[in-house]
Amino acid sequence: MPRKIGLTSTERKAVLRNQASYLLWYGSIKTTAATAKETQSYVEKIITLAVNTYTDTVEETVTTKDKKGKEVSVKAYKDGAKKLAARRKIMALTYDIPDVKGKGETKKEYKERTQDVKHPLIEKIFNEIAPKYADRAEKLGQKGGYTRIYLLGERKGDAAEMAKLELVD
């Protein structure tokens, strides 16, 4: 049974979505111990879903006519049914975090880099996080255990137990 962490159900869902999004984007977050334990369970399910479906792609050959009237065939890779369903479910479970312009990067370079990416967090989950943990599962022979919690002690002011939640390398 999930912890209530002193919030109503809508507030609790919003906090979990927010913390899961930032954990997946930045790799670690600092929060209270109870919230960290809830977020850990939430994020593990998201990563497991991505690991199980990230390889489901379909290759299609699309033929189009160019300006001169010649038929040109282009290979296109699209998400399979399972990956598409997983992608949509993960979109419902997380907030979309916009990509940040890099230091020294011009506006034009930033637009070119982010032109094709509509959902940066989802792309990061399926292109970076899922393959990394799938390789880890093959090497270690275990699935799960994608996150860890470090207890940091009590917070000054209200003495709430603080924790650092991070993705395992």
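1. Is Ile 125 buried or exposed? In this predicted model, Ile 125 is buried, with a relative accessible area of 1%. Buried here means under 20% relative accessible area, so the value for Ile 125 falls in that class.

2. Ile 125 belongs to helix α5, which covers residues 120-140. Leaving aside residues up to four places away in sequence, Ile 125 touches Leu 24, Ile 46, Ala 50, Ile 90, Ala 130 and Pro 131. One of these, Leu 24, is 101 residues apart from Ile 125 along the chain, yet the C-alpha atoms of the two are separated by 7.3 Å.

3. The model has an open sheet of 3 strands in the order β1-β5-β4, paired in the antiparallel sense. β1 (28-32) and β4 (147-154) stand at the edges; each has a single partner strand, so one side of each is left without a neighbour in the sheet. From one strand to the next, the twist averages 25°.

4. The pairing of β1 with strand β5 (residues 161-167) is antiparallel and runs over 5 bridges. Within it, Thr 31 has Ala 163 of β5 as its bridge partner. Helix α2 (residues 33-53) packs on the sheet and touches β1, β4 and β5. The direction of helix α2 makes about 15° with that of β5.

5. Tyr 26 is in helix α1 (residues 9-26). Its relative accessible area is 52%, and Tyr 26 is therefore exposed, the cut-off being over 50%. Together with Tyr 22 and Val 100, Tyr 26 makes a nonpolar surface patch of about 320 Å².

How values were computed: Residues numbered from 1 in each chain as written. Predicted model: local features only at pLDDT ≥ 70, side-chain atom pairs only at ≥ 80, totals over all residues. Heavy atoms only, no water. Patch = residues over 30% accessible without salt bridge, like charges linked within 9 Å, V, L, I, M, F, W, Y side chains within 5 Å. Areas by Shrake-Rupley, 256 points an atom, 1.4 Å probe, with all protein chains shown as cover. Salt bridge = Lys/Arg side-chain N within 4 Å of Asp/Glu carboxyl O. Helix = DSSP H or I, 4+ residues; strand = E, 2+ residues; numbered from the N terminus. Buried < 20%, exposed > 50% of the residue type's maximum accessible area, 1.4 Å probe, protein only. Pairing = 2+ DSSP bridges. Axes fitted to C-alpha atoms, helices over the stretch in contact; angles between N-to-C directions. Contact = heavy atoms within 4.5 Å.
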